[in-house]
Amino acid sequence: AQTCDSVHYTMSTLAKLRCVTLDVTGTLIAYKGELGDYYCMAAKAVGLPCPDYKRVHEGFKLAYTDMAKKHPCFGFAEKIPNIVWWKSCVRDSFVKV
């Protein structure tokens with residue numbers, strides 16, 4: 001059973017919570033194939049070239065690792081908007097190919 005003190009502690013902790021991030025890939029969302037497949041399909045859908053599905057997938061791994069090192073927690077400390085962080089990551093996925 002919870003006591004009033006434990007409920008108060010939980011509520012005060014929740015009140016201090018400022019950001020929650022979720023890794024949805026493979027947990028909430030599943031896709032078939034590799035990420036590079038989807039990036040290439042999206043690029044081709046808007047008339048942009050895709051060098052190679054597998055290479056773009058490998059490029060994403062490099063780009064994501066690089067972004068995570070340069071701007072950890074999706075740029076939170078630097079106040080980088082999520083969309084800017086991810087656009088950079090996706091762009092770099094193609095650049096690093």
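Visitor: Where is Glu 58 placed?
Guide: Glu 58 sits in helix 3. A word on what you are looking at: this is a predicted model, with residues numbered from 1 along each chain as its sequence is written. Local features need pLDDT of at least 70, side-chain atom pairs count only at pLDDT 80 or more, totals for chains, interfaces and linings use all residues, and side-chain values use heavy atoms, with hydrogens and water left out.

Visitor: What makes something a helix here, and how many helices does the chain have?
Guide: Helices are DSSP runs of H or I with at least four residues, strands are runs of E with at least two, and both are numbered from the N terminus. By that rule the chain has five helices and zero strands. Along the sequence, that reads α-α-α-α-α.

Visitor: Why can we say that the buried residues of helix 3 line one face?
Guide: The buried residues are Val 56, His 57, Gly 59, Phe 60, Ala 63 and Met 67. Seen down the axis, they fall within an arc of 160°, so they line one face of helix 3. That arc is taken from the directions from the helix axis to the C-beta atoms. On the face turned away from the buried side are the exposed residues Leu 62 and Lys 69.

Visitor: What do the buried residues of helix 3 pack against?
Guide: They pack against helix 2 (35–45), helix 4 (72–75) and helix 5 (82–95).

Visitor: What caps the N-terminal end of helix 3?
Guide: Asp 52 does, with a side-chain oxygen 3.1 Å from the backbone nitrogen of Lys 54. For comparison, a polar contact is a pair of N or O atoms within 3.5 Å; within protein, one must be able to donate a hydrogen and the other to accept it, and residues adjacent in sequence count only if both atoms are side-chain atoms.

Visitor: Which residues of helix 5 are buried, and why do we say they line one face?
Guide: Trp 85, Ser 88, Cys 89, Asp 92 and Ser 93 are buried. They fall within an arc of 140° seen down the axis of helix 5, so they line one face. Ile 83 and Lys 87, on the other side of helix 5, are exposed.

Visitor: Why is Ser 93 called buried, and what does it touch?
Guide: Ser 93 has 0% relative accessibility, so it counts as buried. Leaving out residues up to four places away in sequence, Ser 93 touches Tyr 39, Val 56, Gly 59, Phe 60 and Ala 63; contact means heavy atoms within 4.5 Å. The side chain of Ser 93 also reaches the backbone oxygen of Cys 89 at 2.8 Å.

Visitor: What makes helix 2 and helix 5 roughly perpendicular?
Guide: They pack at an angle of about 90°, with their axes 12 Å apart. Axes are lines fitted to C-alpha atoms, for helices over the stretch in contact, and angles run from 0 to 180 degrees between N-to-C directions. Angles under 35 degrees count as roughly parallel, over 145 as roughly antiparallel, 65 to 115 as roughly perpendicular and the rest as oblique. Helix 2 and helix 5 are therefore roughly perpendicular to each other. Tyr 39, Cys 40 and Ala 43 of helix 2 make the contact with Val 90, Ser 93 and Phe 94 of helix 5.

Visitor: Is Lys 79 buried or exposed, and where does it lie?
Guide: Lys 79 has a relative accessible area of 71%, so it is exposed. Lys 79 lies in the loop between helix 4 and helix 5, and its phi is near 60°, a positive value in a residue other than glycine.

Note on methods
Buried < 20%, exposed > 50% of the residue type's maximum accessible area, 1.4 Å probe, protein only.
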